[in-house]
Amino acid sequence: MSQCLYCKQRKGKRPCPALGGLICNSCCGEHRLVRVNCPTDCAYLDSGSDYQQKRLGEQFMPVRRDFYRELSEFGGEQAVALFNLVEVISFSFFQGRRDGQDAEVVAAIQGLRRTLSPLHVPSAPMPVFAEHLVKEYETFKKQNPKQIADSSNAPEILDRAIKFVSDFSGKDFQSRRFLNGLIGYVTTYHPQLADHLKKKHEPGHIVLPGQSFMPPPAPEQHVHGPECQHHH
């Protein structure tokens, strides 16, 4: 019997290009794109990635809710709005891209943190998504100066955000667990917002974070539908 190359227990039934051999159906379903670095042209990817994201979105929801509560206690609505903005920009940039990795999100938040540091000295060119995040942040801040944490508070909030993303992502080098969780969460629980964010936007015209994307304050309350607002 040909063993599954991943679990080494069950029978391998599907050819897995990433592992270079056979994988069993349940390992393929559970680990694709999360722990197995699937090539984008794999025949089993499309049917499974939506399911995978939905499943990770369900796991992401309570962890995210706890993190928002912690942020709110630390820095109030402005702290919440800052991480909201990071989530919204990450979702709109990476949904529809199969090759995005959590490491890019972490690097971008670190890049934003450096630009907000009083000792910031511009260094080597930033990665593409980091540059995008900084640009969107600056545009949003200019248009909504009172809504978002000022730079004295922001580095600490962004440190917490880096830890949150890294913890959810796990230890795998090429993990997409955070991105899949975020995309699955927004698509499943806030479909109107997901549709809005899938459209291409000018910088700063993306969506008003705040209420549109806020987690419920307590577990027993239901998630309210998102309210999208454009800036003009």
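Predicted model: local features only at pLDDT ≥ 70, side-chain atom pairs only at ≥ 80, totals over all residues.
Figure 1. The ring of Phe83 pairs with the ring of Phe164; the centres of the two rings are 5.7 Å apart and their planes meet at 90 degrees, so the arrangement is edge-to-face. The pair links distant parts of the chain, since Phe83 belongs to helix α2 and Phe164 to helix α5, 81 residues apart. Phe164 is buried, as is Phe83.

Figure 2. The structure holds 13 aromatic pairs. In one of them, the rings of Phe67 and Phe83 have centres 5.1 Å apart and planes at 85 degrees, so this pair is edge-to-face. An angle over 60 degrees is what places a pair in the edge-to-face class. Phe67 is buried, with a relative accessible area of 5%. Phe67 and Phe83 belong to one aromatic cluster, formed by Phe60, Phe67, Tyr68, Phe83, Phe164, Phe168, Phe178, Tyr185 and Tyr189.

**Figure 3. Helix α6 and its buried residues.** Helix α6 covers residues 177-189, which is 13 residues. From its first C-alpha to its last, helix α6 reaches 18 Å, close to the 18 Å expected at 1.5 Å a residue. How many of the residues of α6 are buried? The helix is mostly covered, with 10 of its 13 residues buried. These buried residues are Arg177, Phe178, Leu179, Asn180, Gly181, Leu182, Ile183, Gly184, Tyr185 and Val186. Phe178 and Tyr185 are also members of the aromatic cluster.

**Figure 4. The salt bridge between Arg64 and Glu87.** The model contains seven salt bridges. One of the salt bridges joins Arg64 to Glu87, with the closest N and O atoms 2.9 Å apart.

Figure 5. Arg160 and Glu70 form a salt bridge in which the closest N and O atoms are 3.3 Å apart. This pair connects distant parts of the chain: Arg160 is in helix α5 (residues 154-169) and Glu70 is in helix α2 (residues 45-94), 90 residues apart. Arg160 counts as partly exposed, at 24% relative accessibility. Glu70 also counts as partly exposed, at 36% relative accessibility. The charged end of Arg160 sits over the ring of Phe74, 4.1 Å from the centre of that ring.

**Figure 6. The salt bridge between Arg113 and Asp159.** The side chains of Arg113 and Asp159 meet in a salt bridge, with an N to O distance of 2.6 Å. Arg113 lies in helix α3 (residues 102-116) and Asp159 in helix α5, so that the pair, 46 residues apart, links distant parts of the chain. Arg113 is partly exposed, with a relative accessible area of 27%. Asp159 is partly exposed as well, with a relative accessible area of 33%. Elsewhere, salt bridges that share partners join Glu70, Glu156 and Arg160 into one network.

**Figure 7. Arg97 over the ring of Phe93.** Arg97 lies over the face of Phe93, at 4.0 Å from the ring centre.

**Figure 8. The backbone at Lys8.** Where in the chain is Lys8 placed? Lys8 is in the segment before strand β1 (14-16). The phi angle of Lys8 is near 60 degrees, a positive value in a residue other than glycine. Most residues other than glycine have a negative phi. At 48% relative accessibility, Lys8 counts as partly exposed.

**Figure 9. The protein as the setting for the close-up views.** The protein has seven helices and two strands. Along the sequence, these elements follow the pattern β-β-α-α-α-α-α-α-α. Of the 232 residues in the protein, 46% are buried. Among contacts between residues at least 6 apart in sequence, 60% join residues at least 24 apart. The protein exposes about 12,100 Å², of which carbon and sulfur atoms supply 51%.

Definitions and conventions:
Residues numbered from 1 in each chain as written. Heavy atoms only, no water. Helix = DSSP H or I, 4+ residues; strand = E, 2+ residues; numbered from the N terminus. Buried < 20%, exposed > 50% of the residue type's maximum accessible area, 1.4 Å probe, protein only. Contact = heavy atoms within 4.5 Å. Areas by Shrake-Rupley, 256 points an atom, 1.4 Å probe, with all protein chains shown as cover. Expected span 1.5 Å × (residues − 1). Salt bridge = Lys/Arg side-chain N within 4 Å of Asp/Glu carboxyl O. Phe/Tyr/Trp six-rings, centres within 6.5 Å; stacked < 30°, edge-to-face > 60°. Lys NZ or Arg CZ within 6 Å of the ring centre and 35° of its normal.
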